[in-house]
Amino acid sequence: MSEDQEGGMSGVKKTILGVLGTAVTGIGIWASTQINTILGIEEEGAATEMVAPVEQSNNQSVNVSGPAITINVPDQQPARTNTIIRETVREIPATQPAPAAAPAEEKKETPQERMARLKKQKEDQNAGK
């Protein structure tokens with residue numbers, strides 16, 4: 001618990017020291033400027049020249065006549081087209097041949113017909129041995 005209080009008091013001490021340091025610095029700068037003005041010492045680099053007032057005139061002129069721009073556009077001429085007409089002769093026979101007859105679909109083999117065919121092949125093979 002004493003550590004928490006000590007940390008809080010330490011912050012207050014640091015703040016007071018910071019404020020006092022800033023005040024001392026400010027007072028020192030103010031005192032040095034007062035002493036310099038009493039002794040008549042000027043800052044280095046201070047300008048001692050007197051500047052004459054500048055007369056301002058409200059005469060304004062604008063140059064609006066710029067260089068002349070000339071654009072040459074060639075005359076428009078109609079586009080030349082080369083149209084070529086060619087005659088083609090296409091002979092069409094007087095009668096069109098009849099379309100070929102569609103091939104007849106083969107009848108699918110039923111399972112009984114297949115069994116009979118396979119038995120016959122097996123008998124022919126056994127007979128040939």
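1. How much accessible surface does the chain have, and what percentage of that surface belongs to carbon and sulfur atoms? The total comes to about 14,500 Å², with carbon and sulfur atoms taking 55%. Keep in mind that this is a predicted model.

2. On secondary structure, I see 2 helices and 0 strands in the chain. As for burial, 0% of the 129 residues count as buried.

3. Helix α2 covers residues 111-128, so to speak a run of 18 residues by the DSSP definition of helices. From the first C-alpha to the last, α2 reaches 26 Å, and that is close to the 26 Å expected at 1.5 Å a residue. Cover is another matter: α2 is hardly covered, with a count of 0 buried among its 18 residues.

4. If you're going through the electrostatics, a search of the whole structure turns up 1 salt bridge. Arg-117 pairs with Glu-109 in a salt bridge, and their closest N and O atoms sit 2.9 Å apart.

5. Over in helix α1, which spans residues 2-39, you'll find Ile-35. Ile-35 has 47% relative accessibility and therefore counts as partly exposed.

Key
Residues are numbered from 1 along each chain as its sequence is written. This is a predicted model: local features need pLDDT of at least 70, side-chain atom pairs count only at pLDDT 80 or more; totals for chains, interfaces and linings use all residues. Side-chain values use heavy atoms; hydrogens and water are left out. Helices (H or I, at least four residues) and strands (E, at least two) are DSSP runs, numbered from the N terminus. Buried means under 20% relative accessible area, exposed over 50%, partly exposed in between (1.4 Å probe, protein chains only). The expected span of a helix is 1.5 Å times one less than its number of residues. A salt bridge is a side-chain nitrogen of Lys or Arg within 4 Å of a carboxyl oxygen of Asp or Glu. Accessible areas come from the Shrake-Rupley method with a 1.4 Å probe; for residues, only the protein chains shown count as cover.
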